[in-house]
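Thank you all for making time this morning.

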Amino acid sequence: MTQQAQPKAIYLDYQATTPTDPRVVETMLPYFNERFGNPHSVEHAYGWQAEEAVDAARADIAGLIGAQGREIIFTSGATESNNLAIKGAARFQREHFGKDHVVTVATEHKCVLESARALEREGFRVTFLPVDADGLVDLDRLKKALDQNTVLVSVMAANNEIGVIQPLAEIGALCHAQGVTFHTDAAQAFGKIPLDVDEMNIGLMSISGHKIYGPKGIGALYVRRRPRVRLTPLFDGGGQERGLRSGTVPVPLAVGLGKAAAIAREEMSAEAERLTGLRTRLVDGLRKKLEADGGTFEINGHPEERLPGNLNLRFAGVDGRAMIERLEERLALSSGSACSSAAVEPSYVLKALGLSEEEAAGSLRVGLGRTTTEAEVDAAVDALADTVRILRKDAKTASDAAE
């Protein structure tokens with residue numbers, strides 16, 4: 001099988017995945033063949049060396065969210081972390097205290113929604129809260145949804161499609177006042193915006209490696225120790241990771257996630273400012289070019305309360321997938337979540353904002369990241385504007401012909 005040539009299209013899909021930072025790769029390499037010990041082998045130096053590296057990685061991850069290293073549980077990724085957090089907390093509470101109510105939001109990642117539906121099939125009560133037109137959860141509605149049997153509230157920190165950042169501190173305060181565990185899927189937010197588990201009263205937080213320039217196949221779950229959050233494990237094994245996630249920790253991947261977190265901690269503020277500038281440059285440039293032709297676009301989701309590198313754009317009269325097909329040799333972007341890319345129907349996240357199917361179908365996601373340059377943004381503006389003009393002209397021609 002021949003290796004495919006490197007794509008020439010400008011990469012603008014950083015919410016789907018990120019390239020592994022060369023500094024992360026360099027840090028990982030020795031743990032594949034030189035320092036190859038099993039971190040759970042406590043009888044010899046090879047195991048001690050690996051254990052030390054894993055614990056250092058925990059500390060780096062914890063340091064980014066105001067936690068302690070021993071509160072970090074390694075998993076295969078945010079999907080597993082979300083499953084463990086939601087199912088694990090709910091099952092433990094029902095078994096030991098009889099509580100059976102979970103609250104989440106309609107725009108959550110598919111793995112959160114499917115975990116909640118799996119609990120419904122087990123007899124749990126689940127409340128799926130709507131969002132407003134900007135994609136934000138209504139705090140009054142959330143407060144009213146909580147009752148004496150509510151065990152868990154799960155609200156993602158930042159949406160993977162529209163980039164909207166939820167009011168975590170306010171949500172955490174509501175949960176804390178009611179004695180309810182607050183879980184947040186922070187796969188998109190970790191390492192990109194400030195997070196503090198104490199200030200935000202977060203009991204469980206899901207983390208992904210490949211969203212912050214770390215390796216794929218590794219993630220973490222923050223599990224609060226004081227007051228302690230108790231979970232029922234998803235599967236049985238040797239009792240690794242505080243008995244919550246059995247299996248040998250993949251040392252190179254854990255080290256990589258730790259290094260990615262350490263880099264993010266040092267560079268997050270400056271990078272957020274840079275990406276916000278690039279995002280503004282793209283919006284202003286695209287609007288100027290399209291307004292010259294008498295047209296423009298809309299931004300889906302809150303215009304300010306969003307990830308620095310995210311845009312979700314809606315072009316009236318243009319099909320988003322048709323745009324992506326025409327742009328595939330120039331720009332690599334998507335119409336929504338990579339985990340839902342096989343779905344033909346318009347994004348459920350955009351429909352939850354109140355968009356019609358036509359409006360949702362006319363939208364696409366632009367993700368800017370660490371390697372994005374001003375020149376690439378300018379080239380993207382030209383490519384997007386050219387494509388929108390062509391498709392709108394084709395649509396008008398077809399409409400005139402039909403008349």
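Let me begin with a definition: a residue is called buried when its relative accessible area is under 20%, exposed when over 50%, and partly exposed in between, with a 1.4 Å probe and protein chains only. What we have here is a predicted model, in which local features need pLDDT of at least 70 and side-chain atom pairs count only at pLDDT 80 or more, while totals for chains, interfaces and linings use all residues. Residues are numbered from 1 along each chain as its sequence is written, and side-chain values use heavy atoms, with hydrogens and water left out.

With that in hand, look at A67, which counts as buried because its relative accessible area is 19%. A67 sits in the loop that runs between α3 (45-63) and β2 (72-75), where helices (H or I, at least four residues) and strands (E, at least two) are DSSP runs numbered from the N terminus. If we leave aside neighbours within four places in sequence, A67 is in contact with A62, V197 and Y222, contact meaning heavy atoms within 4.5 Å. A67 and D196 are 129 residues apart in sequence, and their C-alpha atoms are 7.7 Å apart in space.

Now to the interior. A nonpolar core is a set of buried Ala, Val, Leu, Ile, Met, Phe, Trp, Tyr and Cys residues joined through side-chain atoms within 4.5 Å. The largest such core has 66 residues, and those with the most contacts inside it are I65, F74, V153, F190, L195 and M205. Helix α8 (residues 251-291) gives the most to this core, namely nine residues. There is also a second, separate core of 29 residues, which includes L275, L331, L364 and L368.

On a 1 Å grid over the protein atoms alone, a cavity is a set of points where a 1.4 Å probe fits but cannot get out, and a pocket is an open set with protein on both sides within 12 Å along at least five of seven lines; lining residues have an atom within 4 Å of a point. Grid points are joined across faces, edges and corners, and a volume is the space filled by probe spheres set on the points.

The largest pocket has a volume of about 390 Å³. Its lining holds 21 residues, of which G179, V180, T181, P227 and V229 lie nearest the centre. Which element gives the most to that lining? The answer is α7, with three residues.

By this rule there are two cavities of 30 Å³ or more. The largest cavity holds about 220 Å³ of space, and among its 20 lining residues G191, K192, Y213, E271 and L275 lie nearest its centre. The second largest cavity holds about 30 Å³ and is lined by F74, T75, I218, R245, G247, T248, V249 and P250.

Finally, the cysteines. How many disulfides does the structure hold? The count is zero, a disulfide being a pair of cysteine sulfur atoms within 2.5 Å. C175 is in no disulfide, and the nearest cysteine sulfur, that of C111, is 19 Å away. C175 counts as buried because its relative accessible area is 0%, and C111 is likewise buried, with a value of 10%.
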